[in-house]
Amino acid sequence: NIQEKHDETQYAKAQLNLGVLYYEQGDIEQAKQHWLNIQEKHDETQYAKAQFNLGVLYDKQGDIEQAKQHWLNIQEKHDETQYAHAQFLLGVLYEEQGDIEQAKQHGLNIQEKHDKKTYTHAQFLLGILYEEQGDIEQAKQHWLNIQEKHDKKTYAHAQFLLGVLYRKQDDIEQAKQHWLNIQEKHDETRYAKAQLNLGFLYDEQGDIEQAKQHWLNIQEKHDETQYAKAQLNLGVLYYEQGDIEQAKQHWLNIQKEYDLEAYAKARFMLAIIYAKEENEEEFKQCIIKPKEYYQDDGYIKNVMNNVQNARILLKNKGILLEILDHYLGIRNALQVVSTDTPVNSSERAFAHYTEVDSAINLLKNKEKEEENQEKKTEKQNKEENKVEKEWNFRMASVEQLNDPTEGQVLFEFLNNYSDRLKQQNITIEKSEEWAVFTACFTFNHDSLNQFRLYGKKQNQEATGVSLVFQPSFFRKSHSGIMNEISTSKKEMIEEIMKRSTEQSQNNGFGTPNIQTTPNNDDMEEHNKQDEKTLLLPLYRCIYLDPESFMENENGGKVPYLKIAARDELTFYREKDKKVNDFKKYKIEIENIERKVSELFEKMIKNMEILFSNLNKNENNEEIFNILGLILLPLSHLIKHSAFHEEQECRIIYCCPFDDEDIDKTESHKAKIFREYRPIINDKDIARIYLSKGAENYAHIFKSLGIKTVRISSNPFRTAEKE
């Protein structure tokens, strides 16, 4: 009944509320019409609220441009609070579209005087944007602008990420301080995550008691997932200290619904304990759960099945599982790419050397060919599909590699390192059931020797190509203290945007349905992958000299053990690197080597215990077979020290020889393969290096959409040109 002529302000308020009523009844078009009736001249505040709600409606309908336009209509003079809300959501929209500069500008438009909470949220978003661009100092500054009194939750989020940034910069004391600033009253989940990371920090520094205390601070009510992780780590600490009962208690505190990964790991460790205690009933109960978790990893599940069903002493089953645990720990330490690998990481690209023709076929854009499929005969389609499949990236069987010591070095080392193991004459018996496939990469993108050795055409040196891959080509997983960083960013943005837009409920209107979750391309891609297409982690190789040892102060043997890493020269080749960058990197690598060495030593000790337990009434053949299966993938991550210069990394896949996905199309050449996945040129390839003999192909690779094609700078003797 209220018309414009009666009272313009009351008319505007009535139209706003009518819009809300129609919206709640699901009549979106009527809601829009009433909000569109409100003009600036009627009442600037009601106009701003209506424009905000219209923006929300169009955003829900996927009409982003219309949403933007309505939010852009809101000016500071209309209503400072609504202006701040609109600017914030505009910033988020532009960020989602990849226009970071526009996103930043809208964030910077919001001032503290407009609305303290929205200003706080904008500062948080600005910090995220600058951090993603690698401008760490600006990110810090924006997060430092966030005060506890304005918004406790956002303050806790910001303090958490400030701790992460300082941790990445190795400023441990500053990282600690920011995480210690987060209190239970600010945000229980962020408090729990901060306490978890503080525990990791103190554990790294060897202060076990402080680590325990921080993990003990985390309660179920704070966050069940973080509680589970803390209980898992507490159990590990007590187990390593020999306090088995305390370890058991912490692992038993973890429920399946809290965190499946932590629960499975805890049950796995409990199975080891119960086996050593010869408690068969509890062992059987515990070993079932990890097998459920590892269903997608046929190799690990098979090992566990073999251990469970073996006709051997129960305590030997526990030792075999512990050896498996050591291998998994070594594998995790060797993983190169994680979800938390920063954009400016020292290890952010990995080269694969191959022939020119192979590289061209791998990089061909097949979209046009697929468009013409309907025009071709069924026979032609079948033939093309064969070719198409062939040029997906493939992993070769380890039997086809050119290293004559492939898979042998580990066993030769074990026999030389330990007299007890030598007495058992451990050898690498080729598994009759399991095949191992691998693809090789290196930190050396432009290497003289690797261009001479690999990718040769007609057996001529320096005729190949170095394809330099981005981290997107590999599966990423969480590791260590950085476990929560990427996840936290996503969660924080979601929570902050939700709370920012909830303020619009004062209009009588609900929260906008903005897509708040940043794209996790790798996870989405992995979920969309065909079950037969793999996305695997990348592991660095270990280099051992199986015959050379030094003696330590206790008279023990110290092996030569190094891991694949970047050479110092590669830092000099990067224009933006400083001397300190290499020094810090060297410390990181030494820390990984130390961890790998410790786990390797524990594994060997358990193997010695295993063989000292051998009983003539046992089926010792089963023990050897299971041990061989556990060590199978590790044996192909260990190479002879003579190959150290290659700085090799590998993806590895174990499967039964009768696996239907093994590609046998070249079996007449005694070659078999396992398909990986296609290369997405603009996403997976960072750049390409061409050797001297391949430089004439530069224009071909550019035509395939490769933006950066470089000619090798190495002093080759010029190969013959075709």
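How much accessible surface does the chain have, and what percentage of that surface belongs to carbon and sulfur atoms? The accessible surface comes to about 34,300 Å², and 43% of it belongs to carbon and sulfur atoms. Please keep in mind as you read that this is a predicted model.

**The chain as a whole**

The chain has 722 residues, and 52% of them count as buried. Its secondary structure comes to 31 helices and 13 strands. If you look at contacts with a separation of 6 or more, 70% of them involve residues 24 or more positions apart.

Let's go inside. The largest nonpolar core has 92 residues, and Trp 251, Leu 324 and Phe 600 are those with the most contacts inside it.

**A sheet with helices across it**

Next comes a sheet. Strands E7, E6 and E8 form an open sheet of 3 strands, in the order E7-E6-E8, with mixed pairing. Strand E7 (557-563) and strand E8 (638-640) are the edge strands, and each pairs on one side only. From one strand to the next, the twist averages 45°. Strand E6 (residues 542-551) runs parallel to E8, and 3 bridges join the two. To find the spot in your viewer, look for Ile 542, which stands opposite Ile 638 in E8.

Which helices lie across E6, E7 and E8? One of them is helix H22 (residues 409-417), which runs at about 15° to E6. Another is H28, which lies across these strands at about 130° to E7.

**Salt bridges**

Now for the charged side chains. Side chains of opposite charge can pair when their charged atoms come close. In this chain the count comes to 33 salt bridges. Here are three of them, with their N to O distances.

| Glu 40 | Lys 77 | 3.8 Å |

The side chains of Glu 40 and Lys 77 meet in a salt bridge. This pair links distant parts of the chain, 37 residues apart: Glu 40 is in the loop between helix H2 (28-36) and helix H3 (44-60), and Lys 77 is in the loop between helix H4 (64-72) and helix H5 (80-96). Glu 40 is partly exposed, with a relative accessible area of 32%, while Lys 77 counts as exposed at 54% relative accessibility.

Glu 209 and Lys 212 both lie in helix H12 (residues 208-216), 3 residues apart, which is about one turn of the helix. Are these two partners buried or exposed? Glu 209 is exposed, with a relative accessible area of 51%, whereas Lys 212 counts as buried at 7% relative accessibility.

Glu 574 lies in the loop between helix H27 (568-572) and helix H28 (579-612), and Arg 348 in the loop between helix H18 (314-334) and strand E1 (350-354), so the pair ties together parts that are 226 residues apart in sequence. Arg 348 counts as partly exposed, at 29% relative accessibility.

Finally, a network of salt bridges links Asp 403, Glu 406, Lys 639, Glu 648 and Arg 650.

Methods:
Residues numbered from 1 in each chain as written. Predicted model: local features only at pLDDT ≥ 70, side-chain atom pairs only at ≥ 80, totals over all residues. Heavy atoms only, no water. Core = buried A, V, L, I, M, F, W, Y, C linked by side-chain atoms within 4.5 Å. Buried < 20%, exposed > 50% of the residue type's maximum accessible area, 1.4 Å probe, protein only. Helix = DSSP H or I, 4+ residues; strand = E, 2+ residues; numbered from the N terminus. Contact = heavy atoms within 4.5 Å. Areas by Shrake-Rupley, 256 points an atom, 1.4 Å probe, with all protein chains shown as cover. Salt bridge = Lys/Arg side-chain N within 4 Å of Asp/Glu carboxyl O. Pairing = 2+ DSSP bridges. Axes fitted to C-alpha atoms, helices over the stretch in contact; angles between N-to-C directions.
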